Amino acid sequence: MSFVYSLLCIIFTRIFLIKDYVHGAIPDLLIIKKIILIMILKYLKTVSIAVFAMVSVNSSAQDLLAKQAPIDRKLKAVDSVALIRQIESEQAFYPAYTLYPEWSNDRVHAYGSKVTVPDTFRIDLTGFCMPTNHTKITSKCGPRWRRMHNGLDIKVYIGDTIKAAFDGRVRIVRYERAGYGKYVVIRHDNGLETIYGHLSKQLVKEDEFVKAGDVIGLGGNTGRSTGSHLHFETRLLGQVINPEFLFDFPKQDIVSDNYLFIKGANMYSHQRARALAAIKKGNYKQVVAASGDIKYHKIRRGDTLGAISRRYNISISRLCKINGIKTNTTLRIGQVLRCS
């Protein structure tokens with residue numbers, strides 16, 4: 001409104017300054033109308049030029065943005081491809097990259113609270129190789145000699161070739177006098193870590209990539225061992241998996257093409273059967289209850305199988321079966337029995 005008011009003031013000022021038409025009296029109305037029309041036309045011309053300029057600038061800006069959009073999309077595509085390649089490169093460099101928080105050459109069991117163990121995880125077992133051609137299992141996975149035996153012992157002879165079970169990368173090559181002896185730890189693309197203990201010679205180096213079937217060492221009798229054999233462990237995020245659930249050594253084959261890891265139910269057959277049954281029924285909330293935390297009891301002076309069975313609500317026959325003992329077995333102080 002202020003703009004229109006100013007325009008009218010200018011018009012009438014100019015009108016009354018035109019002395020050729022005034023002659024000291026009120027100007028002729030026809031002349032006034034013509035003057036007003038001319039000035040309005042000039043004003044409209046000016047406004048039209050301004051509007052056209054603004055529209056032109058806006059159109060140019062839109063054209064520029066339209067031309068820039070494909071470039072931005074191309075740049076984003078390039079960034080995405082580069083990111084995918086970087087991730088693939090890291091995955092190739094660090095097997096099971098998405099599962100493990102770090103790559104460490106320090107300790108075999110290096111995870112603890114650093115990792116979140118999934119309730120279930122499917123492990124691909126295809127592309128395997130049996131670590132040894134020998135088929136005789138001399139000691140199973142479970143309680144043994146007052147302590148837990150977290151793998152299988154397979155009879156081999158000193159100098160027998162030991163092979164990588166799957167493709168992967170060597171994480172540890174060490175010697176442990178009171179334990180594994182000369183051993184190798186490999187992390188595999190499928191998420192597993194395998195441990196090969198009591199070797200007489202290690203033929204790989206830490207951080208070396210290996211393929212399934214590559215020779216990684218020779219059978220031996222080093223470390224805590226009473227005769228030449230291969231101690232073989234399979235783990236996921238540090239959690240023990242009974243190797244017999246994955247490998248059939250007598251048949252020299254895998255048990256199936258894949259294995260369903262169930263948190264807390266990967267060592268004992270009865271425990272795993274309950275967990276699988278719960279999953280099959282769709283009772284996922286019961287899986288943890290089905291697998292349960294394993295309870296152990298350390299033998300103290302005066303303990304008997306009867307007293308232990310009553311304390312943990314387990315039958316004596318069941319207690320003997322899961323611990324590989326008999327009802328007349330002498331319990332030694334310090335011995336550890338599994339009670340669930």
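Me: Which residues are in contact with valine 210, once its neighbours within four places in sequence are left aside?
Reply: They are Ala164, Phe166, Asp167, Gly168, Val170, Ile186 and Val204. They are called contacts because heavy atoms lie within 4.5 Å, which is what the term means. This is a predicted model, in which local features need a pLDDT of at least 70, side-chain atom pairs count only at pLDDT 80 or more, and totals for chains, interfaces and linings use all residues. Residues are numbered from 1 along each chain as its sequence is written, and side-chain values use heavy atoms, with hydrogens and water left out.

Me: What makes valine 210 a strand residue?
Reply: Valine 210 lies in strand β11. Strands are DSSP runs of E with at least two residues, helices are runs of H or I with at least four, and both are numbered from the N terminus. In space, the C-alpha of valine 210 is 9.7 Å from that of alanine 165, although the two are 45 residues apart in sequence.

Me: Why is valine 210 called buried?
Reply: Its relative accessibility is 6%. Buried means under 20% relative accessible area, exposed means over 50%, and partly exposed is in between (1.4 Å probe, protein chains only). The value of 6% falls under the 20% limit, so valine 210 counts as buried.

Me: Which residues of helix α7 are buried, and what covers them?
Reply: In α7 (residues 316-323), the buried residues are Leu319, Cys320, Ile322 and Asn323. Their cover includes β3 (142-144), α4 (269-280), α6 (305-311) and β19 (336-338). Glycine 324 follows α7 and has a positive phi, near 65°.

Me: What makes β10 and β12 a pair?
Reply: Two strands pair if DSSP finds at least two bridges between them. β10 and β12 have 2 bridges, so they meet the limit, and their sense is antiparallel. In β12, leucine 218 is the bridge partner of lysine 201, and glycine 217 is that of glutamine 202. Strand β6 (residues 161-163) also pairs with β12 (residues 215-218) in the antiparallel sense, over 3 bridges. There, threonine 161 has leucine 218 as its bridge partner.

Me: Why are β6 and β10 called edge strands?
Reply: The open sheet has 3 strands in the order β6-β12-β10, with antiparallel pairing. β6 and β10 each pair on one side only.

Me: How do you know which stretches to read with caution?
Reply: By pLDDT, the predictor's confidence in each residue, from 0 to 100. The chain averages 80, and 69% of the residues score at least 70. Over residues 19-27 the value is below 50, and this stretch has 7 contacts in the model beyond near neighbours in sequence. Residues 288-292 are also below 50, with 10 such contacts. Where pLDDT is low, the predicted coordinates should not be read in detail.
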